[in-house]
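Welcome, and please take a moment to look through the fold before reading on. The notes go from the whole chain down to single residues.

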Amino acid sequence: MKKRFSFICVYLCLLSLFCFGAGELLFVAKGERMSVSENRMLRAFPALRADTVADGSFMDGFEEYLSDAFFFRDGAAAFHDGVMGVFAVPDDGPETGVVEDDRLWEQSEEQEAAFQQLMESEQAAATPAPLAEEGGAEAPAAAVEARDVHVWLQRPDGAQEVLFTYPADSMRSFADILNRYRAKLPEDGHLYFFSPQVADIANNIIGKTKYTDWGTDLVDVLQPMVDEGITIVDDMAILSPYLNDSVSPLYPTEDYHWHAIAASLTADELMRMQGVAPADYDQYRYYLSYKHDGIAYSTDKLAQMHYGAEAIEIMAALSPAGSYFLNNITERQRTTFTMSEGGYVGFLGGHKGPWRLIEGGFHTGRNALVVGDCFTIPLIPYLAPYYDQIISTDVRDNFYSVYLAGANIGDYIAAYDVDDIYVVWSTNARFYSDNIQSRMSAYLDMQY
């Protein structure tokens, strides 16, 4: 009787697992979709073809799809992060304060009221002032006319097809915000701004014939409106020569991020602008996200290997670099700098806020601040060799906590003796929107 009962229990367990697995395959979305909690695109069901089965990419993609597709995934991920936080081994840095989970993203009523008032005042200040009537006070001589910014794809005959337009009034307000950030830096400091394009735009050109190039007039419009010590960077021009002429793909096809090589090419050009010889992409060794073998390969070895555009190359550090979650200016919790698997989570332990601290491992005498979205995650490791410390934040709603920040951005700039600022908002983040601009402005000098 006991054996029969045990058999029935085992049978029911196996049947439940079968039904759960079948339910996942039948009812979970097969296409690519956005994960708000991780700020990345979840894997789609891989293409089932003879060539993908033969080279093993189907099974690799199927495994990654299953890991992204199971029921109650966000809850399980949150539970995992909580457990890892409880059992994390503390580092040797400043002692980390313990904060109750239900208070992590809360703020006091006074802070909330102050924040809302700040946001309202910032939005009001961003409204363009009316032009002076004839005979009235003249506009300042240094004022530059604001114009719309266009982003386009170029056809083989040279014709340009405009994809989208950034409004002129948002260019003026954004220039004012950049000027305020630059004013927080020392005299020899510098601010760089650029807006990387997402994979959907790049893949109109890569391997295609309808469009041969891309471009924007962002620099022409925005550069005259910003102060000395600010450089508007045309990242589309930096990557243009490599879109169809790169050993490693610059972008995936099933995700919207850029690959490490695109981030590296951008970082290299940023260093050349500063008169620094960059340690280009080939100087690093790389893990392949799908191999799970923990081996960092040279780029010569990678060139001999065959893998698709979805494989993520994750660089291994050139120095004993360190990465930390950072709260209240000094409270640290160690996380990974880079690791051998985990997709984009392999860079800096993924995209979490409100603040990050990266120690480059070299002694350069300079520090930097990076403000931006998830495109900064593969970029920061390539900036790390040129700075003693890099602090980073993302001011969007899902990633910024006034409570955990504990101080405004200006305070962080002062506390970490920041010399250079990199502002990086991809196409998806819409730097020209009120959402981004109001928060960049409010959090810069917000009173706590």
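Predicted model: local features only at pLDDT ≥ 70, side-chain atom pairs only at ≥ 80, totals over all residues.

The protein chain has 15 helices and 15 strands, and 46% of its 448 residues count as buried.

**The chain as a whole**

- Among contacts in the protein chain with a separation of 6 or more, 69% are between residues 24 or more positions apart.
- A search of the whole structure for aromatic pairs turns up 20 of them.

**Helices α6 and α15**

- Helix α6 covers residues 168-182 and helix α15 covers residues 434-445; their axes come within 10 Å and cross at roughly 25 degrees.
- The two helices, α6 and α15, are therefore roughly parallel to each other, since angles under 35 degrees count that way.
- The crossing in which α6 passes α15 is left-handed.
- On the α6 side, the residues that meet α15 are Ser170, Ser173, Phe174, Ile177, Arg180 and Tyr181. Their partners in α15 are Gln437, Met440, Ser441, Leu444 and Asp445.
- Sorted by class, this contact of α6 with α15 holds five nonpolar, four polar and two charged residues.

**Helices α10 and α12**

- The axes of α10 and α12 are 8 Å apart, and the helices pack at an angle of about 45 degrees.
- That angle makes α10 oblique to α12.
- Here α10 passes α12 in a right-handed crossing.
- From α10, the contact takes in Ala260, Ala263, Ser264, Ala267, Leu270 and Met271. From α12, it takes in Pro378, Leu379, Tyr382 and Leu383.
- The contact of α10 with α12 has nine nonpolar residues, one polar and no charged.
- How many of the residues of α12 are buried? Eight of its eight residues are, so α12 is mostly covered. They are Thr376, Ile377, Pro378, Leu379, Ile380, Pro381, Tyr382 and Leu383.

**Aromatic pairs**

- A search of the whole structure gives 20 aromatic pairs, and one of them brings Phe174 and Phe431 together: the ring centres are 4.9 Å apart and the planes are at 50 degrees, so the pair is tilted.
- Phe174 sits in helix α6, while Phe431 sits in the loop between β15 (420-424) and α15, so this pair ties together parts that are 257 residues apart in sequence.
- Both Phe174 and Phe431 are buried.
- Trp258 and Phe375 also form a tilted pair, because their ring centres are 5.4 Å apart and their planes are at 40 degrees.
- Trp258 belongs to the loop between α9 (235-239) and α10 (260-273), and Phe375 to the loop between β13 (367-372) and α12 (376-383), so the pair ties together parts that are 117 residues apart in sequence.
- Trp258 and Phe375 are likewise both buried.
- One aromatic cluster is formed by Phe164, Tyr166, Phe174, Phe193, Phe431 and Tyr432.

**Positive phi in a loop**

- Asn328 is found in the loop between β10 (322-327) and β11 (331-335). Its phi is near 50 degrees, a positive value in a residue other than glycine.
- With 28% relative accessibility, Asn328 counts as partly exposed, because that class lies between the buried limit of 20% and the exposed limit of 50%.
- Ile329 has its place in the loop between β10 and β11. Although Ile329 is not a glycine, it has a positive phi of about 70 degrees.

Terms used. Residues numbered from 1 in each chain as written. Heavy atoms only, no water. Axes fitted to C-alpha atoms, helices over the stretch in contact; angles between N-to-C directions. Helix = DSSP H or I, 4+ residues; strand = E, 2+ residues; numbered from the N terminus. Parallel < 35°, antiparallel > 145°, perpendicular 65-115°, else oblique. Left-handed = near helix turned anticlockwise from the far one by under 90°. Contact = heavy atoms within 4.5 Å. Nonpolar A, V, L, I, M, F, W, Y, C, P; charged D, E, K, R; others polar. Phe/Tyr/Trp six-rings, centres within 6.5 Å; stacked < 30°, edge-to-face > 60°. Buried < 20%, exposed > 50% of the residue type's maximum accessible area, 1.4 Å probe, protein only.
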